[in-house]
Amino acid sequence: MRMIIQKILCCALLLQPLAIGGSLLNQAPASAATVNDGQITLLEKDFSTAVEGQSAAQLGFDYSTLPSGATSDATIQEEPSSKQKALHLAVNDAGASPFLISKTFGESKTGTITAEITFMQPGSAKKQDQLLQLYNSGSGTSSKYLVISGLDPSKGAVYWTDTAPTDLKIPYQLNQWHTMKLEVNTLNKRFSLWLDGVEIRARDKANLFSNDNSNAFNFKKLVIGTPAGNGEVYVRNVKVTHTPPKEPDAPQIAYWVGRDQSIAMWIYPDTAVTKYSIKIKAREEDPWYTTATYTGTPQTIPILASPSAGNEWDYTLNKTVKLTNGKKYIIGVAAITRDEVAKVDIEGKITQFEATPYAVTPIEPPADSIMGTVNAYNNYQAHRWSIHAGLKIGDEPFADRASPLKIVSLPEKYQKADWIKTHVDTMKYSGPYPQIATFSVRDKTAVYVAMDQRETLPDWLKASEGWTDTGEVIQLADPALTYSFKIYKKMYGAQEEVVMPWNNYTEYNSGNNAGYFMFAERVPTDLKLDPVKPYTNLANYTISGTVAENVYAGSVSSSVYQNVYSSTVTLSVYQNKSLVYNTLLTQNQYMVDLKLVPGANLVEVIAQRPNAAFFDMVTATVTYDQISPEFQIAAPPPVVKEAGYILHGSLSKSVLLTVKLNGTIVADSVSQTGQVPFAYPLNLKEGSNTIEVSAVDTAGNRSTVNYVVQYVFWMGPPETVDLEGKQITAITPSKDMLAQKQVTNPTSSHKHVTLWFVLYDSSNSMVDYSSVDADLEPGQTKTLYAGFTLPSQTNGYKVKAFIWDSLTGMKPYSDVFEL
């Protein structure tokens with residue numbers, strides 16, 4: 001059911017105003033809107049909020065009498081599947097009788113009665129149910145139903161105006177909530193029916209029983225019923241409203257379409273309307289001329305009244321004449337309620353709009369379609385034509401076909417094509433015009449015809465006319481058959497006219513072909529831009545690329561070809577939205593010199609064919625930057641005593657950073673983000689060291705700084721310890737005392753070192769000393785010790801520890817430690 005409803009709703013979308021021939025009809029003005037003036041709610045029950053276990057009698061309903069032995073239920077219960085409270089109506093062992101609950105109103109009502117019910121039929125088998133019944137004021141056998149709506153297991157949603165239910169071919173689902181609305185007008189004895197918000201019957205005749213003083217066509221009682229014998233139904237809501245008799249509302253026009261010497265219109269249904277008066281005039285000051293009276297009751301969904309205006313009154317000739325194509329008219333539509341008792345017509349306010357008949361109806365495409373305006377010569381159903389972007393599985397090339405014919409497979413490359421959906425009757429068109437339609441293309445275009453392969457190939461589709469068989473097919477299917485549509489192709493230039501000739505209507509009418517449809521796709525120029533350097537420090541810059549455009553190869557006899565397509569594309573270049581280059585290309589390669597401005601330069605390259613509405617464009621951004629990167633580096637000290645040195649800094653912009661130490665690369669073109677600190681450890685050699693730091697930004701701007709650092713081999717001061725290795729911080733008489741130093745040679749050369757440990761008295765005279773020599777190879781580490789025993793008297797004494805290269809060289813390698 002949901003799928004059916006979805007389809008119905010999709011069809012209903014077509015009721016939106018259509019753009020036909022450039023005219024767009026809006027909804028009726030507010031003064032003509034359908035407003036149920038004086039509508040009164042007679043009954044409104046939401047059983048989902050009632051107290052569980054409460055009976056329908058307690059809620060104000062009466063019960064029908066059942067056969068002996070039958071049982072029934074009418075209480076508020078929780079519906080098992082949805083877990084919602086609802087009024088449960090059930091009957092068992094009742095034979096052919098249903099169980100009915102009813103609500104009788106104090107006074108009989110005339111005018112428009114609307115009853116709406118939300119219900120669910122539970123179980124595993126569908127059953128017939130006269131669910132919603134509207135009765136008149138008669139009593140006993142004189143009580144007559146106006147109309148009954150309900151369900152049938154094979155027919156779906158149905159109604160009764162006599163003994164048999166009318167099949168509407170609208171299914172419903174078990175164990176699902178549905179909403180049914182039934183509306184009847186007592187004056188014109190017409191009714192309308194909705195299921196789940198979709199109108200499925202409109203303005204149909206109600207039960208036309210004999211109307212006399214004892215059997216009036218009015219409303220007095222609402223009846224809700226179960227299936228007969230054994231059955232049940234859940235009711236969640238019920239509402240009844242009454243609108244007293246009144247003049248019919250002004251009609252609401254869905255849309256209109258201009259046909260050949262006529263104007264067709266589609267009107268939203270209104271139960272109160274018996275017929276429509278169609279009026280016309282050429283000027284506002286002219287009197288209305290009634291050109292037609294429409295009494296039809298359409299039964300296809302979406303349900304719309306569809307009258308036409310085909311004549312006007314000629315005040316010069318003083319007679320009716322056919323409408324003039326291309327002439328604008330004022331159309332008026334008035335609704336008429338026929339009082340079937342008083343036998344009088346009640347005419348309402350007029351809704352008016354401007355419309356124009358067309359010999360050829362223009363169908364406007366979407367703004368981005370490769371197709372121009374489609375001129376429909378077979379325009380009786382042109383309002384059902386449309387132009388679509390994107391051909392996909394599930395699309396229907398023919399509108400209103402009794403058995404919808406849908407695409408079930410197609411080559412993927414055609415899924416971006418624009419295509420024309422025509423009316424199904426278009427395929428049997430046989431004149432008076434020699435073609436179905438024409439349209440121009442808005443650029444160089446590949447036009448395709450997909451034709452039922454059973455059809456005898458028409459002359460217009462042969463190779464001599466420029467068409468080629470692609471060898472590909474599109475598969476279409478209806479519920480009964482699958483069809484193969486062969487694809488043919490022809491190239492057209494910008495603004496060239498494409499003709500849609502007749503289909504083979506004889507074969508079509510005999511069932512030997514399903515017709516054809518057209519689709520089209522723009523042919524790109526294949527504009528390409530060679531890779532660009534996004535940053536440069538040079539103002540003069542050249543872009544280059546290609547356009548793979550072939551000279552048009554269509555019919556050489558075409559005047560359009562002679563005037564337009566012997567030339568190629570025009571290449572335009574915009575720099576920061578300003579045109580800087582424009583020329584007609586004579587070859588498929590191009591080179592354009594640009595003068596860049598500082599900062600970002602947006603470059604747009606456009607290739608467009610003469611008279612074409614579309615173009616190809618490629619873009620790039622080139623930034624012209626002459627500013628060199630700036631270093632933020634703390635300059636190293638001229639002399640350091642550690643071989644290991646860390647170079648810290650940052651840069652003003654993002655760069656590729658290179659660091660060299662004594663000509664050796666430490667960091668090679670490393671990406672470095674601007675304003676983000678960097679740190680590179682350097683292992684200095686003994687003596688003079690040259691540090692070079694260079695940076696290149698994305699535009700090629702380079703900056704370099706150089707530093708010279710003198711590394712002096714140095715070991716740092718020794719320390720004093722006792723024989724157990726514990727640090728000594730004061731001189732103690734008679735104590736053994738050592739000078740200790742762990743030494744490492746970080747240089748690349750051999751080193752000889754001497755640790756000296758000297759004791760001085762209070763006169764600063766040397767009292768004792770100890771020394772140790774060591775040879776250190778590059779990278780080698782040793783621990784040196786030198787010591788002595790302090791004298792018993794150390795008042796005013798001090799010790800010094802230091803490292804020299806040797807006694808003879810006396811070159812210091814450390815600071816002096818003194819205690």
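**Charged pairs**

Student: Why is Arg338 called partly exposed?

Tutor: Its relative accessible area is 24%. Partly exposed runs between the 20% limit for buried and the 50% limit for exposed, so Arg338 falls in that class. Keep in mind that this is a predicted model.

Student: What makes Asp345 partly exposed?

Tutor: The value for Asp345 is 39%. That also sits between 20% and 50%, so the label is partly exposed.

Student: How do you know that Arg338 and Asp345 meet in a salt bridge?

Tutor: Side-chain nitrogen to carboxyl oxygen, the cut-off is 4 Å. Arg338 and Asp345 are 3.2 Å apart, N to O. The pair therefore passes. Side chains of opposite charge can pair when their charged atoms come close.

Student: How many salt bridges does this rule give?

Tutor: The count comes to 29.

Student: What makes Lys413 and Glu472 a salt bridge?

Tutor: Their N to O distance is 3.0 Å, which is within the 4 Å limit. Lys413 sits in the loop between strand 31 (406-409) and strand 32 (418-423), and Glu472 in strand 35 (residues 468-477). The two are 59 residues apart in sequence, so the pair ties together separate parts of the chain.

Student: Is Lys413 of that pair buried or exposed?

Tutor: Exposed. Its relative accessibility is 52%, and the class begins over 50%.

Student: How do you know that Arg522 and Asp443 meet in a salt bridge?

Tutor: The N to O distance is 2.7 Å, again within 4 Å. Arg522 belongs to strand 38 (residues 516-522). Asp443 lies in the loop between strand 33 (435-441) and strand 34 (445-452). They are 79 residues apart, so "distant parts of the chain" describes the link.

Student: Is Asp443 buried or exposed?

Tutor: Buried. The value is 0%, and buried means under 20%. Asp443 and Arg522 are also linked with Arg609 and Asp616 in a network of salt bridges.

Student: What makes strand 18 and strand 22 edge strands?

Tutor: Three strands form an open sheet in the order 18-19-22, with antiparallel pairing. Strand 18 (253-259) and strand 22 (308-309) each pair on one side only.

Student: How do you know that strand 18 pairs with strand 19?

Tutor: Pairing takes at least two bridges. Six bridges join strand 18 to strand 19 (residues 262-267). Across strand 19, Val257 stands opposite Ala264.

Student: Which strands form a hairpin with five residues between them?

Tutor: Strand 57 and strand 58 do. Asn764, in the turn, has a positive phi of about 65°.

**Core and a buried serine**

Student: Which residues have the most contacts inside the largest nonpolar core?

Tutor: Ile474 and Phe519, in a core of 51 residues. Several strands each supply at least two residues, including strand 28 (371-376), strand 36 (482-492) and strand 37 (497-501). Strand 34 gives the most, with six. Beyond its sequence neighbours within four places, Phe519 contacts residues including Met371, Trp419, Tyr448 and Ile487. A second, separate core has 50 residues, among them Val91, Leu132, Phe191 and Phe219.

Student: Why is Ser143 called buried?

Tutor: Its relative accessible area is 19%, and buried means under 20%, so Ser143 qualifies. Ser143 is in the loop between strand 9 (129-135) and strand 10 (145-152). A polar atom of its side chain lies 3.5 Å from the backbone oxygen of Gly138. Leaving out residues up to four places away in sequence, Ser143 touches Tyr135, Asn136 and Gly138.

**Whole chain**

Student: How many helices and strands are in the chain?

Tutor: Three helices and 61 strands.

Student: Why is the chain called more spread out than a compact globule?

Tutor: The globule rule gives 28 Å for 819 residues. The chain has a radius of gyration of 49 Å, well over that, so the description holds. Its C-alpha trace spans about 150 × 85 × 55 Å along the principal axes. Buried residues make up 48% of the chain.

Terms used. Residues are numbered from 1 along each chain as its sequence is written. This is a predicted model: local features need pLDDT of at least 70, side-chain atom pairs count only at pLDDT 80 or more; totals for chains, interfaces and linings use all residues. Side-chain values use heavy atoms; hydrogens and water are left out. Helices (H or I, at least four residues) and strands (E, at least two) are DSSP runs, numbered from the N terminus. Buried means under 20% relative accessible area, exposed over 50%, partly exposed in between (1.4 Å probe, protein chains only). A nonpolar core is a set of buried Ala, Val, Leu, Ile, Met, Phe, Trp, Tyr and Cys residues joined through side-chain atoms within 4.5 Å. Contact means heavy atoms within 4.5 Å. A polar contact is a pair of N or O atoms within 3.5 Å; within protein, one must be able to donate a hydrogen and the other to accept it, and residues adjacent in sequence count only if both atoms are side-chain atoms. The radius of gyration is taken over C-alpha atoms; the globule rule is 2.2 Å times the number of residues to the power 0.38.
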